[in-house]
Amino acid sequence: MTIILQLLGVADLRTLAASRIPGRLAGRAAAGALPPAFVAQRALGLLEAGKSAAWCASFLILRAHDAMVLGACGFKDIPVAGQVEIGYGVAPACRGQGIATAAVRELARIAFADSAVERVLAQIDQDNTPSARVAARLGFAAGATLTDADGDRLVQWVLGKPA
């Protein structure tokens, strides 16, 4: 499936941060496709701190032929020490169709286009086998497992910049 990543603007992020659906997306998004409020809130905080939207705002994952929103993805902050972290999610009804794989591939392409980025990190819940398969399929290597602030066990998957 061919997808397009579309960067969300501040107005849409504010609406999503308030747990509402932006009017322009009403009827154009699969159930569970839009980023949750906490993701939009994090993005707004980073933008208000003066960080670049390209690294901090979310992208919608659009189906190319009809612009239906199938999920969302993005970078969690600006690159630090040559590494940038990504996050992604696909609407439950749209999973298993290669959408996450296409979106993560595009995020990696965007990241590696910046000379400062040497590695892309995806921290994946140890029980999220489908997401781990996406990472492995794209060449990410499983690394250390850590426990986050919520007590979730996360495997650090890292993709190095291609030669």
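Visitor: Before we look around, what counts as a salt bridge here?
Guide: We're walking through a predicted model. A salt bridge here pairs a side-chain nitrogen of Lys or Arg with a carboxyl oxygen of Asp or Glu. The two atoms have to lie within 4 Å.

Visitor: Then how far apart are the closest N and O atoms of R24 and D12?
Guide: R24 and D12 do form a salt bridge, one of five in the structure. The cut-off is within 4 Å. For this pair the closest N and O atoms are 2.7 Å apart.

Visitor: How many residues apart in sequence are the parts that R24 and D12 tie together?
Guide: R24 sits in the loop between α1 (10–17) and α2 (37–48), while D12 belongs to helix α1. The pair therefore ties together parts of the chain whose separation in sequence is twelve residues.

Visitor: About how many helical turns separate E106 and R109?
Guide: These two side chains meet in a salt bridge, 2.6 Å from N to O. Both ends are partly exposed, E106 at 25% and R109 at 49%. They're three residues apart in helix α4 (residues 99–112), so the separation is about one helical turn.

Visitor: What about D66, and which residue does its side chain meet in a salt bridge?
Guide: D66 counts as partly exposed, at 37% relative accessibility. Its salt bridge is 2.8 Å, N to O, and the partner is R63.

Visitor: Over to α2: what distance does the helix reach from its first C-alpha to its last?
Guide: α2 has twelve residues. At 1.5 Å a residue, the expected span is 16 Å, and the model's helix is close to that. The reach from first C-alpha to last is 16 Å.

Visitor: Which elements do the buried residues of α2 pack against?
Guide: The buried set in α2 is A37, V39, A40, A43, L44, L46 and L47. Some of these also turn up around L13, whose contacts include A40, A43, L44 and L47. As for elements, the buried residues of α2 pack against α1, α3 (53–56) and β2 (58–63).

Visitor: And which residue just after α2 takes a positive phi?
Guide: The phi there is about 90°. The residue is G50.

Visitor: Is the pair of F59 and F75 stacked or edge-to-face?
Guide: The structure holds two aromatic pairs, and in this one the ring centres are 6.5 Å apart with 80° between the planes. F59 is in strand β2 and F75 in strand β3 (residues 69–75), 16 residues apart. Both are buried, F59 at 8% and F75 at 1%.

Visitor: Which ring joins F59 and F75 in a cluster?
Guide: Ring pairs do the linking here. Along with F59 and F75, the cluster takes in W55.

Visitor: Last stop, S131: which residues is it in contact with, leaving aside neighbours within four places in sequence?
Guide: S131 is in helix α5 (residues 129–137). At 10% relative accessibility, S131 counts as buried. Its contacts beyond those neighbours are Y88 and I124.

Note on methods
Residues numbered from 1 in each chain as written. Predicted model: local features only at pLDDT ≥ 70, side-chain atom pairs only at ≥ 80, totals over all residues. Heavy atoms only, no water. Helix = DSSP H or I, 4+ residues; strand = E, 2+ residues; numbered from the N terminus. Buried < 20%, exposed > 50% of the residue type's maximum accessible area, 1.4 Å probe, protein only. Contact = heavy atoms within 4.5 Å. Expected span 1.5 Å × (residues − 1). Phe/Tyr/Trp six-rings, centres within 6.5 Å; stacked < 30°, edge-to-face > 60°.
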